[in-house]
Amino acid sequence: MDRTKIMDKLVALSKRRGFVFQSSEIYGGLNSCWDYGPLGIELKNNIAQLWWDEMTWWHENIVGLDASILMHPRVWEASGHVAGFSDPLVDCKTCKSRFRFDQLPIDQTEAQVRTWKLPNGEKGTTPQREDRKYCPNCGSSDLSDVRQFNLMFKTFMGPVEDSAAIVYLRPETAQGIYVNALTIAEVMRLKPPFGIAQIGKAFRNEITPGNFIFRTREFEQMEMQFFVKPTEDQKWMEYWLDKRFQYNSEKLGLSKERLRLHQHTEKELAHYAKSAYDIEYEFPFGWSELEGIHNRTDFDLSRHEEYSGKSLKIFDEETKEKYIPYIIETSAGLTRSMLALMCDKYDEDEQEGEIRVVLRLPPHLAPIKAAVFPLMKKDGLPEIAENLYRTLRKRHKVFFDVTGSIGKRYRRMDEIGTPFGITIDYESKEDQSATIRYRDTLQQIRISLDKIPEWLDQNIALER
Ligand code: ATP
């Protein structure tokens, strides 16, 4: 399969089958905003639940939180977002497009004259200079000066729209965790090492959103902030690097060869971070960040202590001293993880001379776990099938379909990633069993009707 074409195919499939489509489409859509349809929300919820179980059920020292999106504006002064959460913005003077300067391509061809097309159709030329950034839209290197552009969305709280009423839509979920950390530690009787996990919306006025749901202005994050003794930061950093890499390959199920770790260089490292890594995934458009794992030191809590005037220190029973814990952050994108999974699992094969589109989602994440089909719409078969469907839907999201040829019904399920198709045929009336067809191998097995619920439980469970 040619992976470069996957993005276009996925966008089309997502729209056609109700995974993800443009927001406010009947009004022409709103740039970079997407709605998650009936299948998209099932898939997204399953990924969120997987992460939540992994973090809060499987680690007794990690607890959950759902903080509000709007926070006291001083939070964003303390965190550094008001002063420094900006991207370098440049305009192309030729075609008027706007870009993030650090994402512009660099032309490294030497001693050449490059040409591009002007809006009036004429050709523009530039003597080539080495390492020159140029506009990816029209090719011109006639760019404006770089300006810093703050990525936070502003709004007003209450009826008066003045500067005293400004509040921000949170650009990350992490700050909600930091400002609540000590209260949570106290009420839950936690001592470092402990963690707080949160899933929620974040907003960034990105200069160049794009690649479908990869970079959007409204998105969802899954963040876990882990509070440790300052002397143990390295140990926990290594622990979480390992754990998160393993999660992305073994639990989320992304292909191992499309995952890698990228360590931030001195130049990339945020001023507050001691060390930082990205887990990168090889999207069809190239390697890009999926999740960040950062040693944020005591920066965040020190700043909140300074700006709030409240002590955010923890008492160490052993040394009898108070200290500000260090934070190891694991910060993943929920919507970005969903894109990675769909890219990873999109496939096409040939069945009986026809191209079959198949989303090879792991069963525990598939939006629909099984489809129940009567072979014919008569002779009592729909009744048996519907009975089975009613039993199964008490435990899982399943689907019942009587319309179209059996082949068509299978195809419709294959392209949305349903791992199992259960067919009731004439024999079912005699032997009280049904045929189960596997989406990936097309293998078929025969199982008695009363054993199917348990069989399904076992076959969609993630082994832990
Ligand atoms: P970039 O440098 O690509 O803008 P970042 O390093 O600022 O991203 P973080 O602040 O570390 O990103 O955010 C943590 C995670 O949140 C990212 O790894 C990504 O999965 C997700 N994320 C960040 N920005 C966006 C966005 N605009 N759209 C979708 N997901 C995002």
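Domain bounds here come from an automatic or database domain assignment. For the protein chain, this assignment gives domain 1 (3-85 + 157-343), domain 2 (87-150) and domain 3 (368-460). The model is predicted, so local features need pLDDT of at least 70 and side-chain atom pairs count only at pLDDT 80 or more, while totals for chains, interfaces and linings use all residues. Residues are numbered from 1 along each chain as its sequence is written, and side-chain values use heavy atoms, with hydrogens and water left out.

Taken over C-alpha atoms, the centres of domain 1 and domain 2 are 33 Å apart. Contact, meaning heavy atoms within 4.5 Å, involves 8 residues of domain 1 and 9 residues of domain 2. The two domains bury about 670 Å² between them, of which 48% is on carbon and sulfur atoms; buried area is the accessible area (1.4 Å probe) that two parts lose on being put together, summed over both. On the domain 1 side, F85, I207 and T208 lose the most area to domain 2, together 69% of what that side buries.

Between domain 1 and domain 2 the count is 1 salt bridge, defined as a side-chain nitrogen of Lys or Arg within 4 Å of a carboxyl oxygen of Asp or Glu. E206 forms a salt bridge with R100, and the closest N and O atoms are 4.0 Å apart.

Elsewhere, Y426 is found in helix α11 (residues 426-431), helices being DSSP runs of H or I with at least four residues, numbered from the N terminus. Y426 counts as partly exposed because its relative accessibility is 35%, between the limits for buried (under 20%) and exposed (over 50%), with a 1.4 Å probe and protein chains only.

Terms used
Helix = DSSP H or I, 4+ residues; strand = E, 2+ residues; numbered from the N terminus.
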